[in-house]
Amino acid sequence: MQLLFYASKDDNNEKRLKNAIQTASVGAMIEHFTRLDDFRDRLRLIVEPNSIMVLAAVDRKELLKMQAFRDMLTEIYIILVLPDREKSTIRLAHLLRPRFLSMIEDDFKDLNQIVAKMIRTPHGPPKTPVASSDSPRSGP
């Protein structure tokens, strides 16, 4: 599992968000991106299934640009941090199929707990039991 973090704005909110992610994932390596082009290039490389991605959109325009990556994010757990609570922004955010939505002015306590739980909880398809050769067979 990998942890990817995108935030283009280097301000107090981004620092609070980064701190919330780091405290939830002690010991994990976090790949931090500040440019969408660098982030897109990283997505073209192998990203382990069930990785976690925290995306902080500085505005609706940036969130719209993120939509171009939607097909690259199918097996990744997405946490979105939105710039506002407008219906159009939230509607656009849901197109990325996030597991969790947060707002930039939030305290990120819930986000911290969500990331920590995602890291602790094994993901992936349920294991299929293997048929034993000792199992009884039906038929002739």
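Buried means under 20% relative accessible area, exposed means over 50%, and partly exposed lies in between (1.4 Å probe, protein chains only). This is a predicted model: local features need pLDDT of at least 70, side-chain atom pairs count only at pLDDT 80 or more, and totals for chains, interfaces and linings use all residues. Residues are numbered from 1 along each chain as its sequence is written, and side-chain values use heavy atoms, with hydrogens and water left out.

| Residue | Relative accessibility | Class |
|---|---|---|
| F33 | 11% | buried |
| F39 | 1% | buried |
| F69 | 6% | buried |

A search of the whole structure finds three aromatic pairs. Rings of Phe, Tyr and Trp (its six-membered ring) pair if their centres lie within 6.5 Å; planes under 30 degrees apart are stacked, over 60 edge-to-face, and the rest tilted. F33 and F39 are edge-to-face, because their centres are 5.7 Å apart and their planes meet at 65°. F39 also pairs edge-to-face with F69, at 5.8 Å between centres and 65° between planes. Ring pairs join Y6, F33, F39 and F69 into a cluster.

Next comes the core. A nonpolar core is a set of buried Ala, Val, Leu, Ile, Met, Phe, Trp, Tyr and Cys residues joined through side-chain atoms within 4.5 Å. The largest one has 22 residues, and F39, L43 and L63 touch the most other members. Apart from this core lies another, of 19 residues, including L3, F100, F108 and M118.
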